[in-house]
Amino acid sequence: MPQVAVIVLAAGAGTRMKSRTPKPLHHLAGKPLIAHVLSTAGELHPERIVTVVRHERDRMAEAVLEFAPHVLIADQDDVPGTGRAVEQGLEAIAGFEGHVVVLSGDVPLIDADTLRGLIERHEQEGNQLTLLSAHLDDPSGLGRIVRDDAGAFVRIVEQKDASDDERAIDEVNGGIYVFDAAALRAALATIDRDNAQGEMYLTDAAVRIQSTGGRIAAVAASDSWAIWGINDRVQLAAAAHELNDRIIRRWQRAGVTVVDPASTWIDVDVTLAEDVTLLPGTQLHGATAVAAGATIGPDTTLVDTEVGEDAVVKRTDATLSVIGARASVGPWAYLRPNSVIGEDGKVGTFVETKNTQLGAGSKVPHLSYIGDTTVGEGSNIGAGTITANYDGVEKHRTTVGSHVRTGSDNVFVAPVTIGDGAYTGAGTIVRKDVEPGALAITVAPQRNMAGWVEANRPGSKAADAAAAAQHDAPDA
């Protein structure tokens, strides 16, 4: 592969998105649009990658460098147009003499194989410019590629300037280019802003290269999605569906069962093992990883969550959590960040956890909030348990040992420790540590106040029922 530098254009305002967020920072399959472009650029192993920014300059630069710290940032000045953006990108790599690949930060589905093929064609033919085109069913609004009878590139004509015959052409300019660096610099030095928009157009560089006898070729992409640009939210949604379909097909071919692809969404950085089953309504985001044999769904969202082998996670929302092998989570469970469910563990119906580590084989089956808690192995937390972890100023931690059995409707007022093998009775409020093997109860003696209903609720249905029951009762 010859020496390559990549310039990514990301200076525009993207007004058609109608958003406070710069267009290249809108997300697609878990990453900003520009991150997809930079990932593809990185696969070419270029000498340099330059991103040209202007609108929301600091925000764009910060986002680019967070994803790709090695990228150079170039600032476009007040002179508008793609030609000026590329010119200032070139200034950031002054002295580079190889091939310059120009990409757009809002064209996220371009792939490295397509670019490698474009670069190879450029190199083999000794071109000064090789551009990527595509055949579209509806080319409306896009520049057409005009060829001669032999199929050679003649020019790019914008729709507003095209004749009726030229408008009938279905091959369009994709806005993705490979330039000879020297030819590009020379061409950009001669173009002007003598047009209706007052901009420096990069396509004018093609005209200059051609006028000086430089060779230009247009290569049609086999996949029209490679040039799909995002200008509004309709196009963003279309690209999201297309990319998601590709991701799902890739995982299906790798041994993952996806029961309903139409209702399943998987981000690009998710990893799945063989024999994973994804049931309808599953969404896997961020760096989620699912091990072999696990079943996820239905109606489950996992964000940056690790799931172990043969675990079952259904109707669950989990973020930044770890679910161990053979664990069972849900339905209707909520795992907040730093929840760790051990092997063979269980988090059941209407249970919320946060910053909690549940040991192997331990269970929180029903209707509980367990926050800032460590639970040992083989313990069972009774239904309706709450760890009262906040005193109004500070968060405190609850520690539950191994093989503990806690009663229903318990409140653990942190900080508190329940020792190994201890029990707590139903309705217990635990305010002080429980030693290993002890039973903790806070139950007052039960009092039955005979005749209370008749005295305090006379004439009520309850009073009538009580009277009838007493009348029917056999004599003592």
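Colleague: Where is the place of Tyr 423 in this model?

Modeller: Tyr 423 sits in strand E34. Keep in mind as we go that this is a predicted model.

Colleague: And is Tyr 423 buried, exposed or partly exposed?

Modeller: The general idea is to look at relative accessible area: under 20% is buried, over 50% is exposed, and partly exposed lies in between. Tyr 423 has 45% relative accessibility, so this residue counts as partly exposed.

Colleague: Let's go back to E34. What is the strand order in its sheet?

Modeller: To read a sheet, list its strands in the order they lie side by side. Here the order is E31-E34-E36, an open sheet of three strands with parallel pairing. Strand E31 (405–406) and strand E36 (439–440) stand at the edges; each has a single partner strand, so one side of each lacks a neighbour in the sheet.

Colleague: How many bridges join E31 to strand E34?

Modeller: Two bridges link E31 to E34, which spans residues 423–424, and these strands run parallel.

Colleague: Which residues does UniProt place under the feature "binding site"?

Modeller: An annotation like this comes from a record, and it may be inferred rather than shown by experiment. The unreviewed UniProt entry gives Ala 383, Asn 389, Tyr 390, Ser 408 and Ala 426.

Colleague: Where is the place of Ser 408, and where is that of Ala 426?

Modeller: Ser 408 belongs to the loop between E31 and strand E32 (411–413). Ala 426 belongs to the loop between E34 and strand E35 (429–430).

Colleague: Are they buried, partly exposed or exposed?

Modeller: Use the cut-offs again. Ser 408 is partly exposed, at 39% relative accessibility. Ala 426, with a relative accessible area of 54%, is exposed.

Key
Residues numbered from 1 in each chain as written. Predicted model: local features only at pLDDT ≥ 70, side-chain atom pairs only at ≥ 80, totals over all residues. Heavy atoms only, no water. Pairing = 2+ DSSP bridges. Helix = DSSP H or I, 4+ residues; strand = E, 2+ residues; numbered from the N terminus. Buried < 20%, exposed > 50% of the residue type's maximum accessible area, 1.4 Å probe, protein only.
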